[in-house]
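Please consult the sequence and structure below.

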Amino acid sequence: MIVKHGMNYLTVLNSARNHKLAPPLAVLRRQQFLIRVLGVRGENRMQGSKFEADSDNILRAITPVFDPNRHKGQAGKVAVIGGCREYTGAPYFAAISALKIGADLSHVFCTKDAAPVIKSYSPELIVHPVLEESYSVGDRDKDHISRRVVAEVDKWMERFDCLVVGPGLGRDPFLLDCVSEIIKQARQSNVPIIIDGDGLFLVTNNLGLVSGYPLAILTPNVNEYKRLVQKVLNCEVNDQDAHGQLLSLAKQIGGVTILRKGKCDLISDGEIVKSVSNHGSPRRCGGQGDILSGSVAVFLSWARQLILADEGNLIISPTNPTMLGCIAGSALLRKAASLAFEDRKRSTLTTDIIECLGRSLEDICPAC
Ligand SMILES: NC(=O)C1=CN([C@@H]2O[C@H](COP(=O)(O)OP(=O)(O)OC[C@H]3O[C@@H](n4cnc5c(N)ncnc54)[C@H](O)[C@@H]3O)[C@@H](O)[C@H]2O)[C@@H](O)CC1
Ligand SMILES: Nc1ncnc2c1ncn2[C@@H]1O[C@H](COP(=O)(O)OP(=O)(O)OP(=O)(O)O)[C@@H](O)[C@H]1O
Ligand SMILES: [Mg+2]
């Protein structure tokens with residue numbers, strides 16, 4: 001059987017069924033591949049829909065132009081809270097992505113074990129070995145160590161344009177208690193917070209940490225979204241009404257912004273829903289969500305700066321900086337993943353995608 005471009009899923013299937021002679025294994029596998037490809041293309045209805053965000057124009061509008069009068073720090077200072085014994089890659093991916101996109105300074109607050117490892121990946125990152133896990137803290141010391149950890153992060157807090165909480169954080173109960181206090185301090189200082197990875201595990205079990213904070217963004221993957229829906233809406237994920245369910249979830253958590261990651265990224269602040277479905281990569285290697293959280297941090301900072309400076313004269317839509325940050329971060333990550341895949345195919349890794357971030361932004365929004 002010859003599969004021609006334009007044949008739909010059913011035609012291909014029926015034609016395969018009607019074939020009298022069993023095709024050899026290689027032909028079968030090729031047919032299955034084409035069915036999958038045609039199927040995916042057919043399903044990609046979101047692109048071009050009224051929900052699709054105008055991501056290229058948003059990227060152009062919020063990315064700052066270079067200005068010789070600007071000083072270090074004005075293009076963004078972000079901090080990642082994450083990195084423990086198990087995970088050192090995730091906080092590195094988030095923090096380095098922020099720099100590669102154009103932030104001036106990127107900090108990582110992690111455990112003592114993770115710090116030398118993260119530092120050795122890159123001299124560009126400012127790494128603070130301040131977090132503690134239960135195994136290194138005696139019961140009697142917990143109170144004062146917790147106060148010390150929170151104070152160490154808090155003394156930097158005012159300097160940050162955005163915090164990313166959770167990539168590679170782990171689930172140690174003592175460490176998560178300290179991070180809860182850090183989230184409360186960030187809220188008091190009005191610092192935007194992106195909650196990802198194990199930060200979502202923490203927040204899903206303590207919704208009060210983010211509830212009602214409009215500068216909070218949650219970036220759940222498929223598992224994290226399922227747990228959030230079960231906890232908040234007390235039901236299962238409903239893909240028939242994905243937009244409606246996301247909208248109610250964001251509304252129910254008091255107007256936080258949620259970026260639901262998947263084949264197409266869906267974003268809602270409880271008022272509107274937008275989708276980003278530009279072509280990404282079929283590779284699902286770990287770490288792409290970490291790039292996303294670091295990217296969203298930078299674009300959110302830029303959008304917020306622009307909105308504060310423009311005093312409401314912004315002509316892009318939506319106008320909520322958290323929505324703009326999510327749309328820009330998602331569109332850029334997907335474009336970078338697509339470029340990396342063109343080049344590396346099956347061997348595409350997260351580090352390859354990070355290397356494509358700069359080129360992807362340059363294609364849409366040239367530096368000069
Ligand atoms: N190179 C790295 O260092 C990477 C680290 N990552 C980090 O890995 C951590 C986990 O992220 P995933 O995306 O894998 O998270 P998921 O929640 O998607 O899955 C984690 C695993 O934990 C299991 N799990 C689910 N609920 C659980 C619960 N209540 N208690 C214990 N285990 C549970 C799941 O079955 C799954 O096997 C995050 O901190 C994330 O940032 C990832 O970002 C991938 C890359
Ligand atoms: N099926 C898919 N097709 C295309 N892109 C996808 C698909 N699933 C996820 N993505 C993209 O990959 C990005 C990361 O999503 P993913 O679900 O892998 O996050 P994650 O599990 O948190 O990643 P990490 O391994 O970093 O923790 C999302 O922004 C999304 O655009
Ligand atoms: Mg993740």
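The sections below treat the basis of the model, the ligand site and the nonpolar cores.

## Basis

The model is predicted, with local features requiring pLDDT of at least 70 and side-chain atom pairs pLDDT 80 or more, while totals for chains, interfaces and linings use all residues. Residues are numbered from 1 along each chain as written, chains are lettered from A and ligands numbered from 1 in the order written, and side-chain values use heavy atoms, without hydrogens and water.

## Ligand site

Ligand 1 is surrounded by 18 residues (a heavy atom within 4 Å), of which R171, D198, N223, R227 and D290 are the closest. By class, the shell comprises six nonpolar, seven polar and five charged residues. Helices α4 (89–101), α8 (198–205) and α9 (222–233) each contribute at least two shell residues.

Polar contacts are pairs of N or O atoms within 3.5 Å. The side chain of R171 places an N or O atom 2.8 Å from a nitrogen atom of ligand 1. Oxygen atoms of the ligand lie 2.7 Å from an N or O atom in the D290 side chain and 3.2 Å from a polar side-chain atom of N221. The protein covers 56% of the 840 Å² of accessible area that ligand 1 has on its own (Shrake-Rupley method, 1.4 Å probe).

## Nonpolar cores

A nonpolar core joins buried residues (under 20% relative accessible area) through side-chain atoms within 4.5 Å. The largest has 60 residues, among which I62, I101, I118, L125 and F299 touch the most other members. Helix α12 (residues 321–344) supplies the largest share of this core, twelve residues. A second, separate core of 50 residues includes L131, V149, Y213 and L246.

Note on methods. A polar contact is a pair of N or O atoms within 3.5 Å; within protein, one must be able to donate a hydrogen and the other to accept it, and residues adjacent in sequence count only if both atoms are side-chain atoms. Helices (H or I, at least four residues) and strands (E, at least two) are DSSP runs, numbered from the N terminus. Ala, Val, Leu, Ile, Met, Phe, Trp, Tyr, Cys and Pro count as nonpolar, Asp, Glu, Lys and Arg as charged, and the others, Gly among them, as polar. Buried means under 20% relative accessible area, exposed over 50%, partly exposed in between (1.4 Å probe, protein chains only).
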